Amino acid sequence: MYFMKLKKITLFFIALFLLQANIVFAKKPPTQPDTYNGTAPMARSMAMGGAGAAIVLSQESFYYNSANLSYMSGAHIGAGVIVSRDSNASPVQVAIADPSGQGLMSAYAIKDKGAFYWQSLSDSKISYGNNKIETNINALGFAAGKKSENGFSLGLNLNYLYGKIGESGIDGSIPYANIASGNGFSMDMSILYPAGKNVYFGMNFKNIAGFMFWDNYNTEQLPFSIRTGIAYLLEAFTLAIDLDRKFYRFGDLEEQYYCIGAEQYISGAFCVRGGVTADSGFNSDKMKYTYGFGIKLNTYEIAFAGEQSKIDNEQFLKYMVSLSASVY
């Protein structure tokens, strides 16, 4: 009987210790409001100011509007890489302003009206005195579009999210460290409609359902966003305008942006692109200016894009290269 009571008391204290250990980090994860936004997946969309909600036949539709995939045919593969980020602003300010990081941003495979893809959502390192936070989150997803007889299209994205957070620092005079793994999911829905001759209207409802489940941190709900766009498409010319409205669950980031971009083919093999991203007040200090070009060789394309903006009143330059190939 004595040993039974001792066993129960021991188990009670073990359970209490484990509960207290869990409560230490049972709090909001140290992510930023825009941690799950990602960035332009390829150089074409980056060079066009991030506009793409209504561009049909776009291999980047899995990110902007999966309903656009309903106009696709054949097989396509591609990948985009941020090759450089340069600024005199502090690395912390750069990481806060652009948490998507550097390196491989996306890779995809499209077959007719469906796409499988991988995308980097965030890869940042932030330091506050003795406190350091490293965040790395990626998404694996499937997207598909379905078109009706009158051209109205519906799209769906299903994403599996996975990542890690490393946090260390000093709380009072006590050092601490924690590495947490996370898994989650998100779902997007979108529509596309031909609004006139060579004119298309699209809407993407992102993170209609979206959750990230962290070890040692509370469950996190992803921010909902609505992207609305219109595009005018000719054989050699494209003009696209998007309104991206985000509903962040915390923080004071700007929630509404306009994305404007154009593409002009000089010849069948070479095109130039340009664009701008602006906040709702078209504040020049917050604008992002983008530019780039693409070169097609048969069914292969290499594209380059640059982005220029300001972080903490310092110039910020970002460059991207992407490769793609198609089989019709």
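Strands β3 and β4 make a hairpin with 2 residues between them, and Gly129 in the turn has a positive phi of about 65°. Strands here are DSSP runs of E, at least two residues long, numbered from the N terminus. The model is a predicted one, where local features need pLDDT of at least 70 and side-chain atom pairs count only at pLDDT 80 or more, while totals for chains, interfaces and linings use all residues. Residues are numbered from 1 along each chain as its sequence is written, and side-chain values use heavy atoms, with hydrogens and water left out.

The two strands, β3 (residues 114-128) and β4 (residues 131-147), run antiparallel and are joined by 14 bridges; pairing takes at least two DSSP bridges between strands. Across this pair, Ser124 sits opposite Thr135 in β4. Next comes β5 (residues 153-171), antiparallel to β4 and tied to it by 16 bridges, with Leu161 as the bridge partner of Ala139. β4 and β5 also form a hairpin, this one with 5 residues between them, and Gly151 in its turn has a positive phi of about 95°.

Leu154 lies in β5 and is partly exposed, with a relative accessible area of 47%. Ser225, in β9 (residues 224-233), counts as buried at 5%. The cut-offs are under 20% for buried, over 50% for exposed and in between for partly exposed (1.4 Å probe, protein chains only). Beyond its neighbours within four places in sequence, Ser225 is in contact (heavy atoms within 4.5 Å) with residues including Asn204, Phe205, Asp244 and Phe247.

How values were computed: Helices (H or I, at least four residues) and strands (E, at least two) are DSSP runs, numbered from the N terminus.
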